[in-house]
Amino acid sequence: MTSWVIAASESDVKEGKMKPVEVEDTRILLIRIQGEIFAIENRCPHMNCPLQGGIIQDYSIKCPCHSWSFDIRTGSYVASDKIKVNVYETQLKDGNISVLV
């Protein structure tokens with residue numbers, strides 16, 4: 001069963017920046033791009049490296065360990081859409097960012 005869980009304050013995630021959070025025992029990375037908040041699993045499927053130290057460029061994040069890049073909108077590995085990380089729906093309400101987990 002999924003439910004909305006508050007993950008962070010809206011002011012905690014600045015434009016072009018990321019914030020790692022843990023929601024219901026799930027490591028998630030919140031990222032703000034062009035005012036929109038995205039939530040992506042904070043784990044590269046290659047070797048479980050945290051994505052939080054990666055580089056954000058446009059709508060992708062590059063893993064800091066082995067340079068795999070993922071689309072933060074879909075979770076797809078840019079070289080093959082057969083490899084993905086989980087993405088989560090977000091909503092802003094009362095100054096908080098909630099994630100559907």
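1. The link of Cys49 and Cys65 is right-handed, with 55° about the S-S bond. Cys49 lies in the loop between β4 and β5 (55-57) and Cys65 in the loop between β6 (60-62) and β7 (69-71), so the pair ties together parts that are 16 residues apart in sequence. Helices (H or I, at least four residues) and strands (E, at least two) are DSSP runs, numbered from the N terminus.

2. A note on the source: this is a predicted model, in which local features need pLDDT of at least 70 and side-chain atom pairs count only at pLDDT 80 or more, while totals for chains, interfaces and linings use all residues. Residues are numbered from 1 along each chain as its sequence is written, and side-chain values use heavy atoms, with hydrogens and water left out.

3. The structure holds one disulfide, that is, one pair of cysteine sulfur atoms within 2.5 Å. A disulfide is a covalent bond between the sulfur atoms of two cysteines. In Cys49 and Cys65 these atoms are 1.8 Å apart. Cys49 is buried, with a relative accessible area of 8%, whereas Cys65 is partly exposed, at 40%. Buried means under 20% relative accessible area, exposed over 50%, and partly exposed in between (1.4 Å probe, protein chains only).

4. Cys44 is buried, with a relative accessible area of 1%. Cys63 also counts as buried, at 3% relative accessibility.

5. The largest nonpolar core has 15 residues. Such a core is a set of buried Ala, Val, Leu, Ile, Met, Phe, Trp, Tyr and Cys residues joined through side-chain atoms within 4.5 Å. Those with the most contacts inside the largest core are Ile31, Ile40, Cys44, Leu51, Ile61, Phe70 and Ile72. The strands β3 (26-33) and β4 (36-41) each supply at least two of its residues, and β3 gives the largest share, three residues. A second, separate core of 14 residues includes Val5, Val23, Leu30 and Ile97.

6. Which residues does Ile61 touch, leaving aside its neighbours within four places in sequence? Ile61 is in contact (heavy atoms within 4.5 Å) with Met18, Leu29, Ile31, Leu51, Gly54, Ile55, Ile56, Trp68, Ser69, Phe70 and Ile72.

7. The structure holds four aromatic pairs. Rings of Phe, Tyr and Trp (its six-membered ring) pair if their centres lie within 6.5 Å; planes under 30 degrees apart count as stacked, over 60 as edge-to-face and the rest as tilted. Trp68 and Phe70 form a tilted pair, 6.5 Å centre to centre with 40° between the planes. Trp68 and Tyr77 form a stacked pair, 4.4 Å centre to centre with 25° between the planes. Trp68 and Phe70 are buried, and Tyr77 is buried as well. Trp68, Phe70 and Tyr77 form one aromatic cluster.

8. An open sheet of three strands has the order β1-β12-β11, with antiparallel pairing. Two strands pair if DSSP finds at least two bridges between them. The edge strands, β1 (4-9) and β11 (90-93), each pair on one side only. Four bridges join β11 to β12 (residues 96-100), and the bridge partner of Thr90 in β12 is Val99.
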